[in-house]
Protein chains: 2
Amino acid sequence: MENRRPLILISNDDSVDAKGIYTLADCCPEDADIIIVAPDTQQSGKSSALTVGAPLRITAHPDHGNARVFSVSGTPVDCVKLALHAIVPRKPDLILAGINHGSNSGCNVIYSGTMGAVIEGCNEGIVSCGFSILQHSPDPDFSMCAPYVRSMIARLLAEGLPEGVCLNVNMPARVAPQGVRVCRAARGYWTEEYRKYTDPSGNPFFWLTGRFVNLEREAVDTDEYWLDNKYIAVVPVMVDYTAHGSIDALAERFNTAAE
Amino acid sequence: MENRRPLILISNDDSVDAKGIYTLADCCPEDADIIIVAPDTQQSGKSSALTVGAPLRITAHPDHGNARVFSVSGTPVDCVKLALHAIVPRKPDLILAGINHGSNSGCNVIYSGTMGAVIEGCNEGIVSCGFSILQHSPDPDFSMCAPYVRSMIARLLAEGLPEGVCLNVNMPARVAPQGVRVCRAARGYWTEEYRKYTDPSGNPFFWLTGRFVNLEREAVDTDEYWLDNKYIAVVPVMVDYTAHGSIDALAERFNTAAE
């Protein structure tokens, strides 16, 4: 190969201004080429949304150490797609997203813009991994998690991941992690989701709030369990959403000839 | 039960102005209570995005037949969440989305706002199904698919779905369907995704375009295969994204004690 330095593409959903993305870049090996392509505005909760029917712009920013830095006027998926199309000089060896300021455990993976970027990378056939810390503040303390992030990135570069599988890594905040556990996402949902207000004209409006309900409080093999016990929880995520195990039973019910 | 009429909540991503959502309402049984809650603007490609840190408004519209109609100033997921929180009088028996003007087959399920609404419903424990037709125009001809949609809705109300599984139904356009086939989504990705332009000031911008690459052209059990053969393709979709089959192998590699 002409160029044996690994290329790492990094995105997030907290924007190019977030501390977490630069911490993530600092956890990459020194012999890697690093390109950061992040949204120019906060994109939390954007899932795998992409921009349809509107233009996207790319803006170059000053380097961070040896990492090149760009922002895109769109979603995390837009960042990955446009980076692959127009920014990176070759196919990346690894796509990382985060470090997200706040949890993406449990059912949050459905809504996470961080994991939207990761799922996009995985669907493109690239080893992809998202990192989040359970501290929703502008200035989380990443120091106690950083050695684990560094170690996982080195391992991902060396060993890759199974085809069609990416990782959702959530890390406890304000504590030295007890270790790492690969596990499944806890099933759950959000409840009491909106606060109702009345505007000065007397018209109602609603604002998202609510809290996560873990439907599996007794389970000892979920990300929520391991995070409660101060472990880093690593959930392997499938990009194939087909419920293969249900096809035969549903085919018996729904398959028809022409009506 | 005090009220035995089934309640059906209908949303989409093409907005409250789209023809497809009213066609879908017209395919529901006459003895059902129907509530339409749709985005007030086009939300194609919004996936499971939700609105964080901004207000949402609900607007009432004139009834469509016996269906009540509302719009929400957000995404398809916002519509379902806010409908369940503030609009429906009781938990719906069924959540439908569509009929989408355009395909959601193959990897489009990742980005589809239609399927975002369906996955949200499924995660709330409600039987949920999305319908799409392979005609991306403001005025698709739904007439040849309507009998199938009507039949599937009746069956979903009568029989439900396996827990944690929802349906992604794609229908051929401009042809009498040959029948219905339950199948898996074809693996694939989008290519040549952006066209590059130069604005009047000489600055570049990018616009999403591209075409779907089916990585499984030879397969005879995918949604793309059945749609090519003029069948209605029904893909069961899992809300649980955990790659359960990869947990043990990855645990051997990544599990650690404290570092």
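Colleague: Which residue is the bridge partner of B:Val165 in E13(B)?
Modeller: That partner is B:Met238. Please keep in mind throughout that this is a predicted model.

Colleague: How many bridges join strand E7 of chain B to E13(B), and in which sense do the two run?
Modeller: Strand E7, residues 165-171 of chain B, is joined to E13(B) by 6 bridges, and the two run antiparallel.

Colleague: And how does E8(B) run relative to E13(B), parallel or antiparallel?
Modeller: E8(B) and E13(B) run parallel, with 3 bridges joining them. Within this pairing, B:Val182 has B:Val234 of E13(B) opposite it.

Colleague: How many residues of E13(B) are buried?
Modeller: The strand is mostly covered, with 7 of its 7 residues buried. In a regular strand, side chains alternate between the two faces of the sheet. In E13(B), B:Ile232, B:Val234, B:Pro236 and B:Met238 point one way, while B:Ala233, B:Val235 and B:Val237 point the other way, and all are buried.

Colleague: Which residues have the most contacts inside the largest nonpolar core?
Modeller: They are A:Leu96, A:Cys166, A:Val237, B:Cys166 and B:Val237, in a core of 162 residues.

Colleague: How many residues does the contact take from each chain?
Modeller: It takes 68 residues from chain B and 68 residues from chain A. Among the elements of chain B that each supply at least two residues to this side are helix H2 (76-87), helix H3 (113-123), helix H4 (146-159) and strand E13 (232-238). By class, the side of chain B that touches chain A has 42 nonpolar, 15 polar and 11 charged residues.

Colleague: Which strand of chain A is joined to E8(B)?
Modeller: Strand E14 of chain A, residues 256-257, is joined to E8(B) by 2 bridges, and the two run antiparallel. The bridge partner of A:Ala257 in E8(B) is B:Gly179.

Colleague: Why is H3(B) described as largely enclosed by the rest of the structure?
Modeller: H3(B) is so described because 11 of its 11 residues are buried. Those buried residues include B:Met115, B:Ile119, B:Glu120 and B:Asn123. Just after H3(B), B:Gly125 takes a positive phi of about 85°.

Colleague: Let us turn to strand E1 of chain B. How many of its residues are buried?
Modeller: Strand E1, residues 7-11 of chain B, is mostly covered, with 4 of its 5 residues buried. From E1(B) the chain crosses through helix H1 (residues 19-26) to E2(B), and this β-α-β crossover is right-handed.

Colleague: Which strands does E1(B) pair with?
Modeller: E1(B) runs parallel to strand E2 (residues 33-39) of chain B, to which 4 bridges join it. E1(B) also pairs in the parallel sense with strand E5 (residues 94-101) of chain B, over 4 bridges. B:Leu9 has B:Ile35 as its bridge partner in E2(B), and B:Ser11 has B:Ala97 in E5(B).

Colleague: Is B:Ile10 buried or exposed?
Modeller: B:Ile10, in strand E1 of chain B, is buried, because 28 other C-beta atoms lie within 10 Å and the cut-off is 20 or more. Not counting residues up to four places away in sequence, B:Ile10 touches B:Ile21, B:Leu24, B:Ala25, B:Ile34, B:Ile36 and B:Leu96.

Colleague: Finally, where is A:Asp221?
Modeller: A:Asp221 is in the loop between strand E12 (211-214) and helix H5 (223-228) of chain A. A:Asp221 is exposed, with 12 other C-beta atoms within 10 Å. Leaving aside neighbours within four places in sequence, A:Asp221 is in contact with A:Cys183 and A:Arg184.

Note on methods: Residues numbered from 1 in each chain as written. Chains lettered and ligands numbered in written order. Predicted model: local features only at pLDDT ≥ 70, side-chain atom pairs only at ≥ 80, totals over all residues. Pairing = 2+ DSSP bridges. Right-handed = clockwise from strand over helix to strand, strands pointing away. Contact = placed C-beta atoms within 7 Å. Nonpolar A, V, L, I, M, F, W, Y, C, P; charged D, E, K, R; others polar. Core = buried A, V, L, I, M, F, W, Y, C linked by C-beta atoms within 7 Å.
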